[in-house]
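Keep the sequence and the model side by side.

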Amino acid sequence: MKLEVIGQQGIKYQETIDYAVILKKEGEFAILDKHVQTLTTVHNEFIKLVQNDLVFYLYVQSGAVVYKNRLLRIFAMSAELARSKEDAVKLVTRIEKEASEKAKKQNVDYSQLEKELREQITKAKAGHI
């Protein structure tokens, strides 16, 4: 079956695989070559991709999995590929840490901008703050 991972910028990964295993918190299920049409959502979950002896893990932050006509499409806000589940877990930890640091920096930046705006309004005597 064909695999397409589609992110915000378009197709991120494209490959031919033997099967995929959706590893959801509620349980897991495999999608084989002649599987029925399937639609499921994934949120901070893994998809095991198997091609011959190769196994990869795709971490999907938020998205949907659609299987139809021997084409597995994964629509994702963010998706990253790793060689093992352990590497995928490390990858997830790194992504979450980077997102947390970015959010903290943005909060600090907004606080600084608000402080500067108050100072400018006070200097201009444009309002009562």
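Buried means under 20% relative accessible area, exposed means over 50%, and partly exposed lies in between (1.4 Å probe, protein chains only). This is a predicted model: local features need pLDDT of at least 70, side-chain atom pairs count only at pLDDT 80 or more, and totals for chains, interfaces and linings use all residues. Residues are numbered from 1 along each chain as its sequence is written, and side-chain values use heavy atoms, with hydrogens and water left out.

Start with the layout. The protein chain has one helix and eight strands. Both are DSSP runs, numbered from the N terminus: helices are H or I with at least four residues, strands are E with at least two. In sequence order the pattern reads β-β-β-β-β-β-β-β-α.

Now the charged pairs. Side chains of opposite charge can pair when their charged atoms come close. A salt bridge here is a side-chain nitrogen of Lys or Arg within 4 Å of a carboxyl oxygen of Asp or Glu. The structure holds seven salt bridges.

One of them joins Glu80 and Lys12, with the closest N and O atoms 3.2 Å apart. Glu80 sits in strand β8 (residues 79-82) and Lys12 in strand β2 (residues 10-16), so the pair ties together parts that are 68 residues apart in sequence. Glu80 is partly exposed, at 24% relative accessibility. Lys12 is also partly exposed, at 39%.

Next, look at Lys25 and Glu45. Their closest N and O atoms are 3.7 Å apart, and they form a salt bridge. Lys25 lies in the loop between β3 (19-24) and β4 (27-31), while Glu45 belongs to strand β5 (residues 38-51), so this pair ties together parts that are 20 residues apart in sequence. Lys25 is exposed, with a relative accessible area of 60%. Glu45 is buried, at 5%. Lys24 joins in as well: Lys24, Lys25 and Glu45 are linked in a network of salt bridges.

A further pair links two loops. The side chains of Arg70 and Asp33 meet in a salt bridge, at 2.7 Å from N to O. Arg70 is in the loop between β6 (54-68) and β7 (71-76), and Asp33 is in the loop between β4 and β5, so the pair ties together parts that are 37 residues apart in sequence.

Stay with the loops. Asn52 is found in the loop between β5 and β6. Its phi is positive, about 55 degrees, although Asn52 is not a glycine. Asn52 is exposed, at 61% relative accessibility. Asn69 lies in the loop between β6 and β7. Phi of Asn69 is positive too, near 55 degrees, in a residue other than glycine. Asn69 is exposed, with a relative accessible area of 65%.

Which residues does Ser78 touch, not counting those up to four places away in sequence? They are Tyr59, Val60, Gln61 and Ser62. Contact means heavy atoms within 4.5 Å. Ser78 is in the loop between β7 and β8. Ser78 is buried, with a relative accessible area of 18%.

Finally, step back to the whole chain. Along its principal axes, the C-alpha trace spans about 70 × 30 × 25 Å. Of the 129 residues, 29% count as buried. Among contacts between residues at least 6 apart in sequence, 47% join residues at least 24 apart.
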